[in-house]
Amino acid sequence: MKLTEYVDKHRCYCGRPFTSPRQDAILDILRRDGPTTTSAISEEIGEPLNLIQGSINRLKRRGKVQKQPAPHARRKPVASGWLWSLVQ
């Protein structure tokens, strides 16, 4: 699924200040699914992994997401939204 199709289907682009449609889609997935690997986010949105990782790094610098290695595969980073950590 292409990013534009994802945004249209899930209506996740909220026009948040300083976020792109890709970043909004990432935040939407993290809100919906909880901690998720970057490769799973890439597959769901239909964007290359390097673009997803760059967007997640920008969101991390702003304090919107956390990123840590997956417990089952240390080389696969797992992203989680800051709201998810408040729920647990």
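1. Helix α2 (residues 21-33) passes helix α3 (residues 38-45) in a right-handed crossing, meaning that the near helix is turned clockwise from the far one by less than a right angle. The two pack at an angle of about 115°, with axes 11 Å apart; axes are lines fitted to C-alpha atoms, for helices over the stretch in contact, and angles run from 0 to 180 degrees between N-to-C directions. On the α2 side the contact (heavy atoms within 4.5 Å) is made by Arg22, Ala25, Ile26, Ile29, Leu30, Arg32 and Asp33, and on the α3 side by Ile41, Glu44 and Ile45. These divide into six nonpolar, no polar and four charged residues, where Ala, Val, Leu, Ile, Met, Phe, Trp, Tyr, Cys and Pro count as nonpolar, Asp, Glu, Lys and Arg as charged, and the others, Gly among them, as polar.

2. A word on the source: this is a predicted model, in which local features need pLDDT of at least 70 and side-chain atom pairs count only at pLDDT 80 or more, while totals for chains, interfaces and linings use all residues. Residues are numbered from 1 along each chain as its sequence is written, and side-chain values use heavy atoms, with hydrogens and water left out.

3. The protein chain has five helices and three strands, in the order α-α-β-α-α-β-β-α. Helices (H or I, at least four residues) and strands (E, at least two) are DSSP runs, numbered from the N terminus. Of its 88 residues, 39% are buried, that is, under 20% relative accessible area with a 1.4 Å probe, protein chains only.

4. Back to α2: its 13 residues reach 18 Å from first C-alpha to last, close to the 18 Å expected at 1.5 Å a residue (1.5 Å times one less than the number of residues). Its buried residues include Ala25, Ile26, Ile29 and Leu30, which also take part in the contact with α3. Just after α2, glycine 34 has a positive phi of about 80°.

5. Do have a look at threonine 37, in strand β1 (residues 36-37). Threonine 37 counts as buried because its relative accessibility is 16%. Beyond its neighbours within four places in sequence, threonine 37 contacts Pro77 and Val78.

6. Which residues of helix α4 (residues 49-61) are buried? They are Ile52, Gly54, Ser55, Ile56 and Leu59, and their cover includes α2, α3, β2 (65-69) and β3 (77-81). Glycine 63, which follows α4, has a positive phi near 80°.

Note on methods
Buried < 20%, exposed > 50% of the residue type's maximum accessible area, 1.4 Å probe, protein only.
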